[in-house]
Amino acid sequence: MHRRTFVKTAAAAAVTFSLPGILRAQGTGPVRIGMPLPLTGPFAALAKDMQQGATLGVDEVNAKGGILGRKVEVLFRDDQLKPQVGAQRTQELIEKEGCQFIVGGLAAHVQMAINEQTKKAKVLYVSTSQSDEISAKPDTSPITFHEALNPTITSRTVGKWVMENLGKKWWIVYADYAWGKQNNAVLAEVNKKMGGTLLGSTPYPLGSAEFSAHLPKIQAARPEVLVSVTPGADNIAFLKQVGSFGMRAQMKVAQPLLWISYLKEGGPELYDGIYGGMNWYWELQDTIPTARKFVEASMKKFSMPPGDYGAYSYSGVLEVARGAELAKSTDADKVADALRKNPQYDHFKGKQWWRACDNKSFQDMWIMKGRGPGKTKGEWGLADIVAKVPANEELDRTCAEKGFA
Amino acid sequence: MPDVSLAALAAQIFTGLVLGMIFVLLAIGLSLIFGLMTVVNFSHGALYMLGAYVGFTLLRFTGSFAAALVLAPLLVGTLGLLVERFLIRRLYGRGPDDPLLLTFGLSLVVVETARLIWGKIGLTLDPPRALGGAVNLGFTYFPTYRLFVIAVTALVLVGLWLFLEKTNVGLVIRAGSRDPLMVRALGFDVGRIWFLVFGIGSGLAGLAGILAGPMRGAYAEMGVTIIIESFVVVVVGGMGSLLGAVVSGLVIGQIVSLTTFFAPKLAEIVVFITMAIVLLVRPSGLFGEAGLAE
Amino acid sequence: MRGVATWVGRHPVLCFFVVFAIFPWVVPYTSLATQVLIYGLFALGFNLLYGYTGLLSFGSAAYWGLGAYGTGIALAKLKVGSLWVALGLGLGAALVGGAVFGFFCLRRRGIYFAMLTLAFAQLLYFVGFHLAEWTGGDDGLRGITVPPLTFPGLSIPLGRSVAFYYFALVVVGLAVAALKRILDSPFGAVLQAIRENADRATACGYDISRVKHLSFVFSALFAGLAGGLDALRLTVVPIESLHWSTSGQVVIMTLLGGAGTFFGPFVGAAAYLVLEDSISFLTESWPLVIGAVFIVFVLFLPRGIWGTLTAGLRGR
């Protein structure tokens, strides 16, 4: 076949194939938001929370007339917590379903892969995963937005609070992968800067819930605070084993993050007196009126309050809608510019804003403490709000540190 | 290098012993099944996971840990019987890879079904009050429950040894492990023996699960890494050798525990390095026999 | 019908090109078609080792990963400008891996061989995980920019899905043609003799250990090429590329399609991936579905889809 014929045929095929997509982008039919999330796999409960949050967001937008008068749909796809699958689902959402926006991703490595596809296809992406890299060069892009917290912010926030309130002699146990290592590095830095002592820092392979090999050593060192960077099921296994070695009475335990799903699974006896950070907790409705609306909608539709990841996806969806309305378009660059020009928003928990250089969302955070047996309130009242840490750009790396001039 | 006090090292060795015991329970089941049936049971990890889940559910219903400890392995063993009778036996006469592939598919099904039944987030259970807390061993405090695991496993191993050495059925099983063809030639109903062995192997996996559960929590993926480690243990000991399974399980338990202490980053990979070295030096594992696995 | 079947059997490469030229229009979207092509190639390599030579390996992910990382690192870290050089480097890495690991693994047989292949793959996974400066660690290797396809006087950018698909089609098609040559050669005949009865092949005087080793290396090359193509497709190489679950996937695909058949791998890849794509939004329990399907196939359709079809057509 002649080279020229080949190129012509390929070009014709390319145009034919992208025609439906072009038509859809032009403003007829519903606006579709694609959401890849780990519906199967170890974080499925968090994914369910994300799904519910996004659904509430879409309901709210549609109740107000949708985006640019068009109905909004959200399409959920299982990324199986695997980057290849996440990438494939994103391609499907964009190519086959014609999604104009992508919100989601839970695992850091999956959202990187998602981001690669959205960058290529020029689709706006709002990440709800906790990662330091997604808002920095070279991974980020003008159309990549990061709604969730990241290890730098969380560990600086929690680390500082722990130094000031719990103790200065620490031992850190962390999962040996990107999220764990990042948190460990930031915590160590905070400890050092504030004049503390880091007695030790122990990595363990993620998912390998056997800590007893490390615990006698830690016990012997007598730290004031045991800092636990153990995600998912590891968190429960870790706290159990720490308890079984009798260490709970000897030291305080703090974590960069507490997750409502694991608070529930582990139970009050396990989480009694454990400190950690959270981006959202439903009892905030007692003090924040917009939070009340969010919680009520969730109780009505799902009979449970929204959790931490549900909050991220709710906010992500609402921001997509807000940006599209401001830009009067679903084009990624236009929406991104509109969001950067109007960075402030407040949907459900107080003021948030997008930083211009890296599209990073800054938001308030809270230090929480697990409630013990007998002190919990109903099914979900599992933690006390101990302190609020207002949003502050100094808690994250600077634009320069992230690679922006 | 961490401070190597004798006390810390001793504690580590005890931890390795507990880990090793779990490996032994799993490896014996796998080795029995392979030795007799030449079946590589990929669903062993899923059965381990079921042992934990079923055990936790029994405990919640009956309030008795003893009941859970006895019934969970029996229930999982029964499932093993059904699997052998209705799935694996159909593959009789086919190549050696088919049962491996079938049990691989089975493991996917079992894990996902567990998630559907028990929910996505997993279960937590504390060991019973009597076994909670720690015992002062003189050089360190050690969780009582872990000592219990060591004791129970040791008892079960003794019981198993008695069964295999002192009963007629045990004799046939041992003979069949060594030379399945001959046993069949001697006129034994191999089908019945397979049935029993698969059930016993599955039951042991279930027991390992309910024992391990209170230490680490139960979650659907808990069988996934341990199945690979169990295979390594069996291969190092020698497929089909029960002595090999015991020795290898205990040794590898120690290796993992000590590596975690001295070089935590290598802990994940040390089992594979061990296996590669052993296999390249001794073709059929430590106690295995040539020709059995080909 | 039998006439068609015979004709297909005689001209597999041509049929491959014809079918896959129109394939993007058969499936819901182009990227899925590209995925089928690439994983089909991966399965093709595995099939050579398992279906034709009779060696079951648990470690195919190692060579897929070497190909992916080789190509990815060439583009992202070494800033190689040429598409062919990048793919070539990936192939080279897979070649070295296949040759070295194969040498060690093939010293044993049966389940011991399989476990050794797994051990080496896990070792590579560990190395890839911790060599984060080169591989990106568990965040994956990012920063891969795909250079355009250059011929004298012509430069075709591969950014659009359709363009990339046809590029991949040509590359995979060449590999398929290569496989046909391999299988038709005397070497190919010895491979199949080994699968049927290794001891007898030795008795006939063939140096089967050299043949097995070559088969292992060829299998690794196909896997590496597929991995390299996938790195270009996703512009990211996840660490899972080296994980045994990737090895498991290719086993399922080959079996679904039909081990030991020429087109089985592609049929299996298509079945698996299209099924996964359609099931994805119907149920969250994809592993349950594929596990059950797999069990049914092992029990009742051990020849796989293509194997059963062709056996039926040939009147067996």
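## A tour of the predicted model, chain by chain

Select chain B to begin: read along the sequence, its elements follow the pattern α-α-α-α-β-β-α-α-α-α-α-α-α, where helices (H or I, at least four residues) and strands (E, at least two) are DSSP runs numbered from the N terminus. The radius of gyration of chain B is 19 Å, close to the 19 Å that the globule rule gives for 294 residues, so chain B is as compact as a globular protein of that length; the radius is taken over C-alpha atoms, and the rule is 2.2 Å times the number of residues to the power 0.38.

Before going on, keep in mind that this is a predicted model, in which local features need pLDDT of at least 70 and side-chain atom pairs count only at pLDDT 80 or more, while totals for chains, interfaces and linings use all residues. Residues are numbered from 1 along each chain as its sequence is written, and chains are lettered from A and ligands numbered from 1 in the order in which they are written.

Still on chain B, the C-alpha trace spans about 60 × 50 × 35 Å along its principal axes. Of its 294 residues, 57% count as buried, that is, with 20 or more other C-beta atoms, placed from the backbone, within 10 Å of their own. Among contacts in chain B (C-beta atoms, placed from the backbone, within 7 Å) between residues at least 6 apart in sequence, 76% join residues at least 24 apart.

Next, select chain A, which has 13 helices and 15 strands. Its radius of gyration is 22 Å, close to the 22 Å that the globule rule gives for 405 residues, so chain A is as compact as a globular protein of that length. Its C-alpha trace spans about 75 × 50 × 40 Å along the principal axes, and 58% of the 405 residues count as buried.

Now colour chain A by domain, using bounds that come from an automatic or database domain assignment: domain 1 is 3-149 + 290-362, and domain 2 is 152-278 + 365-395. Taken over C-alpha atoms, the centres of the two domains of chain A are separated by 31 Å. Their contact takes 17 residues from domain 1 and 16 residues from domain 2, and on the domain 1 side helix α2 (residues 44-63) of chain A gives the most, with three residues.

Show chains A and B together, where 31 residues of chain A are in contact with 28 residues of chain B. On the chain A side, the elements that give two or more residues are α2, β7 (197-204), α7 (215-221), α8 (233-244) and α9 (260-266), and the largest share, six residues, comes from α8(A).

Centre the view on B:Met275, which, not counting residues up to four places away in sequence, touches B:Val232, B:Val235, B:Val236, C:Met115 and C:Ala119.

Methods. Buried ≥ 20, exposed ≤ 12 C-beta atoms within 10 Å, placed from the backbone. Contact = placed C-beta atoms within 7 Å.
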